[in-house]
Amino acid sequence: FPGLADVSISQDIPVEGEITVPVGSHSPDEDYSTLDEPVRDTIMRDLKAVGKKFVHVMYPRKSSALLRDWDLWGPLVLCVSLALMLQGGSADSKDDGGPQFAEVFVIIWFGAVVITLNSKLLGGTISFFQSLCVLGYCVLPLTVAMLVCRLVLLAGAGTISFIIRLIVVVAMFGWSTLASTAFLADSQPPNRKALVVYPIFLFYFVISWMILTFTPQ
Amino acid sequence: GGFEDNMQGGGSAVIDMENMDDTSGSSFEDMGEMHQRMKEEEEEEAEGDAGAGEEEDGEFLGMKGLRGQLGRQVADQMWQVGKRQASKAFSLYANIDILRPYFDVEPVQVRARLLESMIPVKMINFPQKIAGELYGPLMLVFTLVAILLHGMKTSDTIIREGTLMGTAIGTCFGYWLGVSSFMYFLAYLCNAQITMVQMLSLLGYGLFGHCITLFVTYNIHFHSLFYIFWLVVGGLSTLRMVAVLVSRTVGHTQRLILCGTLAALHMLFLLYLHFAYHKVVEGILDTLEGPNMPPFQRVARDVPVVSNAVLNTTAKAIALTL
């Protein structure tokens, strides 16, 4: 580039930065910028976070990892998979398949929002999205129960399969309720725990009932 | 509070005479004033004020004259005032802390109120106290929704235009909110001493009887059992609500109107809930009597084959019982 031959910079002044086209504004946390890493790293980091939370749900201990870094990926995946598995389990007409998906979706999210509002109104210290995150993740045992029920139903739909399904669903329902109580009840004043636990119980009861009465056509 | 804020402090309703310059045609030596005009210029552009700011340079603002300056001033002030009022209204109404006092209960209080809702008071000459609490009624409505869902699924109800859940939620919440509002309106007409929150609370706790009745009769399908429960349990909770309402009203005609309406609506709702969502199972029992179908079995959706035959006999069964 002959035109640049005249451009001279004094040697005392240190030249720094990039000679490429300047990109808008430099954000203050540029050191932690995740834009430059490969996509695989980004996805794996999120997947690992989601997986860690799944483990926390299956073995509920008094850890605050679920609460601190909340995310809604896990609940979304669980909700969609549960709704997909519950679809097609209705009576003869074909237009009953549609509402099942919407039903489950709306029940889970609307129910979670109501429980969150309720716990906030009762004087809870947990934030809105943290509560949604916990309630969504604690649907995991019930999704596992749904999987087991579908497998059992492949083998036949008699009384024995009903008893097996009943036991599995009741056990998972108890697990879900206990797991979410372990996380959510701590944020309440001690004498009002029962007031917060009851709506959670009702919420998981409705979901368990939908799973138990599922019959594939 | 809002009125005073408008008169003092930040924005004033009076045009600030300092900013108006008679020699505005040629004065642009005041850099501060020019900066302020440019700022107003930007704000108006942000508002979507078309045309005015586009071609102009900051320096030639002075040429615009009196009308331009006045207009900009007014627009700026209206924007400020509007923004302030909107943010005040938002923080007032979108604040859930408004509802916080109505959820301030202890579990023992809730249990006590649940049991009390089935016991009619005897003293109707003295206004009875109603707790303005919304936690119990809300939980009872949701419980009723869950029980309805259970009943609809066991009776193989097929809803064409919508979902089971939507119907259950719509019915229960519609009843609670709608009948409360209607009764509040009637109470206002009949000069009864009751507030909206108290009415919501009273009716909500009255649903406890409904929950018990439906929970029992959706699982044990005997017609006569339902009628007994309807009269006894439904009647008790209705009597309690009616007694409390009567204690807060003066005048015979008014008392009669209020009590009659509430009793009718409450009892009829229980009847409706039972018959609208439950007839198919009764039809099954009537046709398949014998050891094959004990009444406690969950006949959820494992009997699709039977439902067609059942629907024909259901009409007969209902006609016979009615």
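**Aromatic rings and a helix pair**

Let me begin with a group of rings in chain A, where F173(A), Y198(A), F201(A) and F205(A) are linked into a cluster by ring pairs. Please keep in mind throughout that we are looking at a predicted model.

Counting over all chains, the structure holds 15 aromatic pairs, and I would like to take you through two of them. In the pair formed by F54(A) and Y137(A), the arrangement is edge-to-face, with 5.6 Å from centre to centre and 70° between the planes. Since F54(A) belongs to helix α1 (residues 39–58) of chain A and Y137(A) to helix α5 (residues 128–137) of chain A, the pair ties together parts that are 83 residues apart in sequence.

Finally, back in chain A, how do the axes of helix α6 (residues 140–154) and helix α8 (residues 193–212) cross? They come within 10 Å and cross at roughly 10°, and because angles under 35 degrees count that way, α6(A) is roughly parallel to α8(A). The crossing is right-handed, and the contact involves L142(A), M146(A) and C149(A) of α6(A) together with Y204(A), I207(A), S208(A) and I211(A) of α8(A). By class, that contact has 6 nonpolar residues, 1 polar residue and no charged ones.

Technical notes. Residues are numbered from 1 along each chain as its sequence is written. Chains are lettered from A and ligands numbered from 1 in the order in which they are written. This is a predicted model: local features need pLDDT of at least 70, side-chain atom pairs count only at pLDDT 80 or more; totals for chains, interfaces and linings use all residues. Side-chain values use heavy atoms; hydrogens and water are left out. Axes are lines fitted to C-alpha atoms, for helices over the stretch in contact, and angles run from 0 to 180 degrees between N-to-C directions. Helices (H or I, at least four residues) and strands (E, at least two) are DSSP runs, numbered from the N terminus. Angles under 35 degrees count as roughly parallel, over 145 as roughly antiparallel, 65 to 115 as roughly perpendicular and the rest as oblique. A crossing is left-handed if the near helix is turned anticlockwise from the far one by less than a right angle, and right-handed if clockwise. Contact means heavy atoms within 4.5 Å. Ala, Val, Leu, Ile, Met, Phe, Trp, Tyr, Cys and Pro count as nonpolar, Asp, Glu, Lys and Arg as charged, and the others, Gly among them, as polar. Rings of Phe, Tyr and Trp (its six-membered ring) pair if their centres lie within 6.5 Å; planes under 30 degrees apart count as stacked, over 60 as edge-to-face and the rest as tilted.
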